[in-house]
Amino acid sequence: MKLEIIPDEFVKAAKVLQEIQAHGFEAYFVGGSVRDALLNQPIHDVDIATSAYPEEIKQIFNRTIDVGIEHGTVLVLVGEEQYEITTFRTESTYQDFRRPDTVTFVRSLKEDLKRRDFTINALAMDVDGKIIDLFDGTLDLEQKIIRAVGNPKERFHEDALRMMRGLRFASQLDFTIEGETLSAISEFHSLLGKISVERIAVEFIKLLLGKNRRAALLPFVETECYQYCPGLKQYGEALLNFLDLPNRQLETDNQAWTLLLHSIGLKENELRPFLKSWKQSNQMIHEVQLLVFGLNKRLQGDWQVMDLFNLGLDAVLSVENLLYYYDQKSKLEEAKERYSSLPIHNRKQLAITGNDLLDYFNKKPGKWLGDMIEMLETAVVNGQIANDKELLIVYAKDIIDEE
Ligand code: ATP
Ligand code: MG
């Protein structure tokens, strides 16, 4: 089989393959880029596999960077482009279910393809577009099937992350997981407990953002993989609520987490620990907390002025876009207009500062100061008082006098 129209990314990289071949070695395009080209999908990185050893690659090319030389990977820089070139290798004795104990460089493409996870990822392509398909990967591509290379039980036992990868490809590509592969996931799901949260999270987020997350979430629940993912153990049933949402593709990580958290019904104070257990950044956690809060608000009715101010425009629009999943109309334009007509958009725009208040009232700083700023800010945002320093001082004085 031959790829008739070779995408530009490969044409550009062809000289790298030719250069390696000119030195007497084999070189092929491999992995996701070949799969995506056959599926007519956009290509991300063009990965190259070769019979040349890393040291040999470094002698062939002038500009190289050792990015993972112990795994056989050298980054080669050509003009503006960079390519990961990995020596054919086998991996053996995965005693901890996640990383091979030893990586052995080999000169055979077949050995290299054999260690790859799924048949659709075990395809290679030569410089002329000829596909090397030793495990019927092209047939599985046609039939939209995710099938482990070789014996699925052995493959998941070697590296448990592959189970999550299989699920995420089902979602991303809108494929079905083949029967034996699926039952091996059911059998070995608990090995996910050996995999680092960070690596599971990468796959899980890709799964949530895929074209058909339902195709992956159902097996994710049925095979009980969810039980070995942070914070989800008690939420098997609840995950099915998430699955029932319209299956339209999600746009951002934040939106994905927001819908998930909302669907499984976590309380406000449970959001942070949950996302922390998934090792998400504080920034992300903060943004998702705002979105969940906003979504709850918006599902109950219209925005209050203070909500618009607290969430900021991006979060407000993001929530509006999420209403689709709850069969409600978004009001993007109206939200934009209401937001832009707020008297101020952040605290810095308040016409008075903490220092102004300290000077004027000649009081020691303390809790009163933060409370006061907040009251003034709320009054300005709600239009109860103009954003004017003199007026704000008078307003503050009234409050203090009343106390
Ligand atoms: P993406 O488009 O998301 O990058 P990909 O298939 O390129 O998908 P990568 O994680 O970039 O995925 O891996 C590149 C290739 O390396 C895969 O196509 C597969 O052949 C192989 N591979 C990656 N991870 C594993 C693994 N855990 N076990 C076996 N092979 C793997
Ligand atoms: Mg890739």
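The protein is divided into domain 1 (1–137), domain 2 (144–249), domain 3 (251–342) and domain 4 (347–402), with bounds from an automatic or database domain assignment. This is a predicted model, in which local features need pLDDT of at least 70, side-chain atom pairs count only at pLDDT 80 or more, and totals for chains, interfaces and linings use all residues. Residues are numbered from 1 along each chain as its sequence is written, chains are lettered from A and ligands numbered from 1 in the order in which they are written, and side-chain values use heavy atoms, with hydrogens and water left out.

**Domain 3 and domain 4**

- The C-alpha centres of domain 3 and domain 4 are 29 Å apart.
- Four residues from domain 3 and five residues from domain 4 make the contact (heavy atoms within 4.5 Å).
- About 380 Å² is buried between domain 3 and domain 4, and carbon and sulfur atoms give 76% of that area; buried area is the accessible area (1.4 Å probe) that two parts lose on being put together, summed over both.
- On the side of domain 3, Val-305, Met-306 and Phe-309 lose the most area to domain 4, together 94% of what that side buries.
- Between domain 3 and domain 4 there are zero salt bridges (a side-chain nitrogen of Lys or Arg within 4 Å of a carboxyl oxygen of Asp or Glu).

**Ligand 1**

- Of the 14 residues around ligand 1, those that come nearest are Arg-35, Asn-121, Asp-159, Arg-162 and Arg-168; a residue counts as near if one of its heavy atoms lies within 4 Å.
- Oxygen atoms of ligand 1 lie 2.7 Å from a polar side-chain atom of Arg-35 and 2.9 Å from a polar side-chain atom of Arg-165.
- On its own, ligand 1 has 590 Å² of accessible area, and the protein covers 78% of this (Shrake-Rupley method with a 1.4 Å probe).

Definitions and conventions. Polar contact = N/O pair within 3.5 Å; in protein donor to acceptor, adjacent residues only side chain to side chain.
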